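Let's take a look at this protein together.

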Amino acid sequence: MSTTLAAGTSLDFSLAQQLTVIALCALTAYISHMALAVFNDGVRPFLLDFIQGRTTRSATTAVSFGLSAGFIFGLGAPMALSTGVLNPWLLFLPTDILGMLSPKKWLAPILGGAWGAVVVFGLNGANNVAHDLPVDFITAMQQMSTPILFLFTLFPVLAITKQFGRKWGGIAGLLEFALVVMTMKLWPNMFAGALAMAVGVLMLIGLAVAKDVAQRKADRAAGVSEPVVEGDDPMASLFSASAARLRRYLPLFMVLGAGVCVLAQMHIFGGGEATSFLIAKGQYSEAAQVDFYRVFGFIPLIATTALASGAYGIAGFTLVYPIGYLMPNPFLAAIVGALVFAAEVLALSYIGKLLGRLPSVRDSSEHLRSAISETLQLAILFGSLMAANAMGGGLGILTVGGLYLLNEAMGRPVVRMAAAPAAVIVGGILLNLLYWMDLFTPIKG
């Protein structure tokens, strides 16, 4: 499988694509203003106090900006520039902030739509300018694709090892390695990690379900009854009120689901780091597979934070991403996306209760999320250093690696996941300045 992108990524969108992005950004900003949904999982728990009037809009906006800015400029923008594919950090984190910032309901969609316009009209200009520089750091950033795609394949192995120990982790690691080698040999046009990830995720879920089933049998044999939730339990009452609040806005969520699914169907949007590179290569079925596996790690987090706060996720359980990639046309994508979001919102209470009965499955999702973060942090750092080497050799590595280490020493003012790509952009600008000062000769190739 080729892991090389075309030298010149394109961010030149058609009119339909431009209008879709602008309309969706307007809608997501409006929904954020209403505190009905946000994309940032870290912001969602803070919305309960805002919804119940215990904190102000400005304070909540400050939290949203603090938790999102690093991802927008350090991850969202660099990923879009290097792949030519839009992503949720670039589109939905800013609309989280703008929607919450807006003092009036009617102003929120205007601000969101304006951000969408900045993205679709301004990003291509920035991309063209960067490609014309003596040190083309945007093309160099395409070096990130290989480590991201291949190291991401290992996230089920890490999750299995953390939850079920070294033996199962070793078995999973050897199995995934063998499957990657086999896929590269027998199906060279297929994403090498596709089959390995599928087997790894199924293995993790199988082990978790088997553990829960065995525990329930042991509890019944020992005469241990399942805990009964009291009718006046405050947490149950909160979850019920939150689910009811979201159901009241079901038509609005269906429009949101339709919009996100249509955007994914247009193949100008990728829901994750690995997915963005796969979409850029035209490997839509592999991208759908990767984002489908991520769903297992995020359903419990999104469901529990939604039930605890009364605010959902902008992309829901993110199922609309892989479904959208595979839809044959935008009209069918809109219908299916709306139905998927309706089903998710209506099933929230049931999913919350089910997770309470399957503690090992719930733990598996936490291990999956942690493993995804760990593999991507290493892959992005390694890929960023490869990009640094491509654009500046040893001086590039010194600059980018030094900026990354300085960020760590300063207590991470830029979040770790976004620090390395941001360092590539800053390093690229510095190398261009050195070139103009006649202190650096760009590497050819």
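## Overall size

This is a predicted model. A compact globule with 445 residues would have a radius of gyration near 22 Å, and the protein has 22 Å, so the two agree. If you follow the C-alpha trace along its principal axes, you get a span of about 80 × 55 × 45 Å.

## What it's built from

You'll find 17 helices and 2 strands here. Of the 445 residues, 51% count as buried. Now look at contacts between residues at least 6 apart in sequence: 80% of them join residues at least 24 apart.

As for charges, the protein has 25 positive and 22 negative side chains. The centres of those two sets lie 5 Å apart.

## Rings that meet

The structure holds 9 aromatic pairs. One of them is Tyr-312 with Phe-317: the ring centres are 5.8 Å apart and the planes sit at 75°, so this pair is edge-to-face. Tyr-312 and Phe-317 are both buried.

Tyr-312 also pairs with Phe-341, with ring centres 6.0 Å apart and planes at 75°, so that pair is edge-to-face too. Tyr-312 belongs to strand β2 (residues 312–313) and Phe-341 to helix α15 (residues 330–357), so the pair ties together parts that are 29 residues apart in sequence. Phe-341 is buried, as is Tyr-312.

Which residues do ring pairs link into a cluster? They are Phe-39, Phe-92, Phe-269 and Tyr-321.

Methods: Residues numbered from 1 in each chain as written. Predicted model: local features only at pLDDT ≥ 70, side-chain atom pairs only at ≥ 80, totals over all residues. Heavy atoms only, no water. Helix = DSSP H or I, 4+ residues; strand = E, 2+ residues; numbered from the N terminus. Rg over C-alpha atoms; globule rule 2.2 N^0.38 Å. Buried < 20%, exposed > 50% of the residue type's maximum accessible area, 1.4 Å probe, protein only. Contact = heavy atoms within 4.5 Å. Lys, Arg positive; Asp, Glu negative; His and termini not counted. Charge placed at Lys NZ, Arg CZ, Asp CG, Glu CD. Phe/Tyr/Trp six-rings, centres within 6.5 Å; stacked < 30°, edge-to-face > 60°.
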